[in-house]
Protein chains: 2
Amino acid sequence: MKKREFKYDIMPEIKSRWSPRAISEKKLSDTDINAILEAASFAPSCFNEQPWRFILAKDTAALEKMRTLLTPSNQLWAGKAPLLIMVLSVKSFEHNGKDNFWNIFDAGTSWGYMSLEAERRGIITHAMGGFNKMKAREAYNISDEYNVISVIAAGYYGNPEELPHDLQEREYPACRKSVEELIIK
Amino acid sequence: MKKREFKYDIMPEIKSRWSPRAISEKKLSDTDINAILEAASFAPSCFNEQPWRFILAKDTAALEKMRTLLTPSNQLWAGKAPLLIMVLSVKSFEHNGKDNFWNIFDAGTSWGYMSLEAERRGIITHAMGGFNKMKAREAYNISDEYNVISVIAAGYYGNPEELPHDLQEREYPACRKSVEELIIK
């Protein structure tokens, strides 16, 4: 396993955060849940439109409803999460009704802020693309005015030995491309 | 002017960060520039694809080239910025060549991480949608494999009194919707 390397003194939460799968069933406090949502709400956005929207699942019935939308391979580990958050975004600008090209981009920024506030509170987060968007639209009656983007699993870190063997082998912070690889000249 | 209100003890950088227009011409160090890019590089992404890409403008000729792509109203204030960063994203997955639905979302997360590391270093950032994307593609020979998303102005805070009068009136941290308004039931 290759270890993450940092050349610069960057924010501790950015350095330490990763996307584990070993999530404990232990419940999160409402204060923690509201705080990570407040952090998400303070992301910048085009025309300050704040196009991000969230569907929360934290009690048993709501968790079961959202969990069934996940792919079987995500249910294997995220099925234990005490909090699932579906991320949506409003496709058009509220101020003029035109298409907002940046709606998904801004929702990504909001998720970024949420993820770092969670890390700061010792809460792990793992965003999933693997869920049935069509069924999600039906289950929550989500109109075409919204993009359905991601489901985030959140909770305290659990016991990696309870993961299926192949997921145990992937249970470490993934490396990143070097900054040089990201720059287009 | 309505002031931002925080109900929870969230990350200081999230609370203090906003998108000013009064940018000083003072140059940023290469260490600071590389550190905010390293922070951006550690954002999570679907399949760890890291679809975000950046075009940097920091010397006189490069800044002039990117500046001319901005709308006249953005040039008024961002024209002074010592650093402009164009944010792009790779549309398809490297691992299988299929469309990556999350490429713009993930680029937004990366920009979020960058913005908070900048704030931590006393550097202001302001993302702009107002620039000519077609001309940007021509100027930098950007193929259709990439989305061209945003141009970020970054620098130290300058003198708001040098802004045009109408921009001076908007030079304060914008408020946000309450968390309750973001939750879809």
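Student: Let's start with chain A of this predicted model. How many bridges join S3(A) and strand S4 of chain A?

Tutor: Strand S4 of chain A spans residues 146-155, and S3(A) pairs with this strand in the antiparallel sense. For a place to look, take A:Ala127, whose bridge partner in S4(A) is A:Ile152. The number of bridges over which S3(A) and S4(A) pair is five.

Student: Which strands stand at the edges of the sheet in chain A?

Tutor: Four strands make up this open sheet, with antiparallel pairing and the order S1-S2-S4-S3 in chain A. An edge strand has a single partner strand, so one of its sides is left without a neighbour in the sheet.

Student: Moving to helices, which residues of H2(A) meet H5(A)?

Tutor: Helix H2 of chain A, residues 30-41, packs with H5(A) at an angle of about 140 degrees, and their axes are 7 Å apart. The crossing of these helices is right-handed. On the H5(A) side you will find A:Ser110, A:Trp111, A:Tyr113, A:Met114, A:Glu117 and A:Ala118. Facing them from H2(A) are A:Ala35, A:Ile36, A:Ala39 and A:Ala40.

Student: And how many residues in that contact of H2(A) with H5(A) are nonpolar?

Tutor: Sorting the contact of H2(A) with H5(A) by class gives one polar residue and one charged residue. The nonpolar count there is eight.

Student: Now the two chains together. Which element gives the most to the side of chain B that touches chain A?

Tutor: The contact takes 53 residues from chain B and 53 residues from chain A. Several elements of chain B each supply at least two residues to its side: helix H2 (30-41), strand S1 (52-57), helix H5 (103-120), strand S4 (146-155) and helix H8 (179-182). The element that gives the most, with 13 residues, is H5(B).

Student: Is H5(A) parallel, perpendicular or oblique to H5(B)?

Tutor: Helix H5 of chain A, residues 103-120, packs with H5(B) with the axes 6 Å apart and at an angle of about 50 degrees. Roughly parallel would need an angle under 35 degrees, and roughly perpendicular 65 to 115. The angle therefore makes H5(A), relative to H5(B), oblique.

Student: How many charged residues are in the contact of H5(A) with H5(B)?

Tutor: Among the residues of H5(A) that meet H5(B) are A:Phe105, A:Asp106, A:Trp111 and A:Leu116, while those from H5(B) include B:Phe105, B:Asp106, B:Trp111 and B:Leu116. By class, this contact has twelve nonpolar and six polar residues. The charged residues number two.

Conventions:
Residues are numbered from 1 along each chain as its sequence is written. Chains are lettered from A and ligands numbered from 1 in the order in which they are written. This is a predicted model: local features need pLDDT of at least 70, side-chain atom pairs count only at pLDDT 80 or more; totals for chains, interfaces and linings use all residues. Two strands pair if DSSP finds at least two bridges between them. Two residues are in contact if their C-beta atoms, placed from the backbone, lie within 7 Å. Axes are lines fitted to C-alpha atoms, for helices over the stretch in contact, and angles run from 0 to 180 degrees between N-to-C directions. Angles under 35 degrees count as roughly parallel, over 145 as roughly antiparallel, 65 to 115 as roughly perpendicular and the rest as oblique. Ala, Val, Leu, Ile, Met, Phe, Trp, Tyr, Cys and Pro count as nonpolar, Asp, Glu, Lys and Arg as charged, and the others, Gly among them, as polar. A crossing is left-handed if the near helix is turned anticlockwise from the far one by less than a right angle, and right-handed if clockwise.
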